Number of protein chains: 2
Amino acid sequence: MTNATIVTAAMLAIGDELLSGRTKDKNIGHLADALTMIGIDLREVRIVADDEEAIVEAVNALRVRYDHVFTSGGIGPTHDDITADAISRAFGLECIHDPKAMDLLGQMYARRGIEFTEARKRMARMPAGAEHIANPVSTAPGFRIGNVYVMAGVPQVFQAMLDGLLPSLATGTPIHSRTVRSPYGEGDIGVALAEVQKNHPETSIGSYPKFDGNSFSTEIVIRARDASRLDAAEAELAAMIEAIARARGGE
Amino acid sequence: MTNATIVTAAMLAIGDELLSGRTKDKNIGHLADALTMIGIDLREVRIVADDEEAIVEAVNALRVRYDHVFTSGGIGPTHDDITADAISRAFGLECIHDPKAMDLLGQMYARRGIEFTEARKRMARMPAGAEHIANPVSTAPGFRIGNVYVMAGVPQVFQAMLDGLLPSLATGTPIHSRTVRSPYGEGDIGVALAEVQKNHPETSIGSYPKFDGNSFSTEIVIRARDASRLDAAEAELAAMIEAIARARGGE
């Protein structure tokens with residue numbers, strides 16, 4: 001595989017509630033899974049408060065460094081939803097009540113006989129020139145500006161927005177992986193494992209300790225963009241674990 | 001309350017497996033809860049890969065900005081555990097096999113009749129001059145250098161290290177909070193809620209939408225370092241919700 005395409009991404013999760021512990025984030029893990037599947041490498045995640053300075057600084061740091069930046073949170077109708085303002089400022093754009101979003105929301109509330117309050121109109125705000133990210137759950141759209149994708153924090157809405165968005169994104173060569181389970185802890189396998197990694201430089205071998213409350217075991221994950229590289233490394237890992245078992249049997 | 005003490009913190013979670021989605025982080029939420037309880041404000045979280053450059057850059061950015069920096073992950077015995085090297089480099093210190101940690105681990109393995117391999121010795125590595133963070137689960141210590149606390153990624157070990165560490169930390173005035181549940185969505189309460197926030201500037205009022213698959217409700221959280229400020233804001237929020245209920249009853 002000579003022409004692997006690398007596409008990178010970062011995530012910015014926004015919300016006081018994530019930093020106070022009140023809400024346990026579910027969007028990071030979901031995004032990580034979804035991006036890995038389609039060949040986008042999630043390289044960095046940041047969590048910041050509902051603080052305009054913090055959001056502006058983080059989004060500007062991330063958007064110049066990665067191909068895609070995904071944000072979650074802070075696009076609802078209440079006073080503490082300031083993501084649209086912060087993203088606009090980060091891009092030096094005016095934050096406007098987007099006309100298409102005003103139509104979309106106005107029609108939806110009219111159909112339901114609900115007043116289109118100032119608070120609800122806040123959900124139509126985005127940087128001038130932004131494109132919508134559809135929200136099939138509750139209508140109020142997310143938006144894309146440049147390489148930044150701004151989505152809701154409520155997991156059901158975040159996931160629905162992402163489902164619609166992903167097929168439109170530039171993706172790269174996916175990383176294939178295979179998991180080998182070792183009943184032995186990292187201390188038992190560490191030296192031999194480093195050898196296997198050295199023998200298979202075209203793969204990246206990760207070692208993940210598991211603790212069952214009593215003893216450690218290890219999950220070893222082999223990763224490569226070229227799936228044909230996985231077999232040889234997997235075979236050598238299997239042989240490594242057998243050799244440890246034999247040595248232990250003979251102790 | 002005129003003399004509130006503010007103590008800030010950041011977290012750096014380290015590991016490819018968090019960014020690939022293979023492992024869903026549990027340490028961020030745990031740390032957030034624990035710090036909130038004792039009056040340390042968690043202001044920012046970053047997740048980076050097992051990549052020395054990325055770790056060095058993140059830890060140096062965070063340690064100058066916040067009072068405390070907590071890291072998780074990458075201190076095990078395998079080749080992909082590079083946190084000790086990266087933290088040493090961030091501080092411009094040599095990464096050594098700490099003599100006290102070598103004694104601790106050597107004695108533990110001798111007692112259990114297990115060989116103290118090169119891989120296991122990796123777990124004694126830390127920047128020269130670092131102090132230990134005790135590991136009551138599996139002996140291999142974390143470490144503190146400057147204002148950076150380096151802990152394991154396995155949640156049981158991370159939590160046990162943190163339990164021992166927290167009582168020794170400089171803490172601030174805790175933020176008290178009270179939750180008011182609104183059966184109405186954010187769009188219904190947004191305008192009135194912004195008024196309540198304006199009337200109670202000494203509190204911070206957050207609004208968290210809940211979606212049950214069918215309709216939205218809202219959890220409103222009032223926060224203040226001075227607990228005596230909570231009552232008045234809470235009473236006004238209760239009156240706000242009653243007024244909305246009355247208005248709806250009369251629709």
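Eight salt bridges span the interface of chain B and chain A. The rule asks for a side-chain nitrogen of Lys or Arg within 4 Å of a carboxyl oxygen of Asp or Glu. One of them joins the side chains of A:R22 and B:E219, at 2.1 Å from N to O. The model is predicted: local features need pLDDT of at least 70, side-chain atom pairs count only at pLDDT 80 or more, and totals for chains, interfaces and linings use all residues. Residues are numbered from 1 along each chain as its sequence is written, chains are lettered from A and ligands numbered from 1 in the order in which they are written, and side-chain values use heavy atoms, without hydrogens and water.

Across the interface of chain B and chain A, 23 residue pairs are in polar contact, both residues at pLDDT 80 or more. Such a contact is a pair of N or O atoms within 3.5 Å; within protein, one must be able to donate a hydrogen and the other to accept it, and residues adjacent in sequence count only if both atoms are side-chain atoms.

On the side of chain B that touches chain A, several elements supply at least two residues each, among them helix 1 (16-20), helix 7 (155-165) and strand 11 (216-224). Helix 8 of chain B gives the most, with eight residues. Helices (H or I, at least four residues) and strands (E, at least two) are DSSP runs, numbered from the N terminus.

The totals for the interface follow.

| Item | Value |
|---|---|
| Residues from chain B in the contact | 56 residues |
| Residues from chain A in the contact | 56 residues |
| Area buried between chain B and chain A | about 4500 Å² |
| Share from carbon and sulfur atoms | 55% |

Contact means heavy atoms within 4.5 Å. Buried area is the accessible area (1.4 Å probe) that two parts lose on being put together, summed over both. In chain B, B:L19, B:R22 and B:H79 lose the most area to chain A, together 14% of what that side buries.

Strands also cross the boundary. Strand 2 (residues 41-48) of chain A runs antiparallel to strand 2 of chain B, joined by five bridges. There, A:I47 has B:V45 as its bridge partner. Strands pair if DSSP finds at least two bridges between them.

A:Q197 sits in helix 8 (residues 186-199) of chain A. Its relative accessible area is 17%, so A:Q197 is buried (under 20%; exposed is over 50%, partly exposed in between; 1.4 Å probe, protein chains only). The A:Q197 side chain reaches the backbone oxygen of A:T203 at 2.9 Å. Beyond four places in sequence, A:Q197 touches A:T203, A:S204, A:I205 and B:H79.
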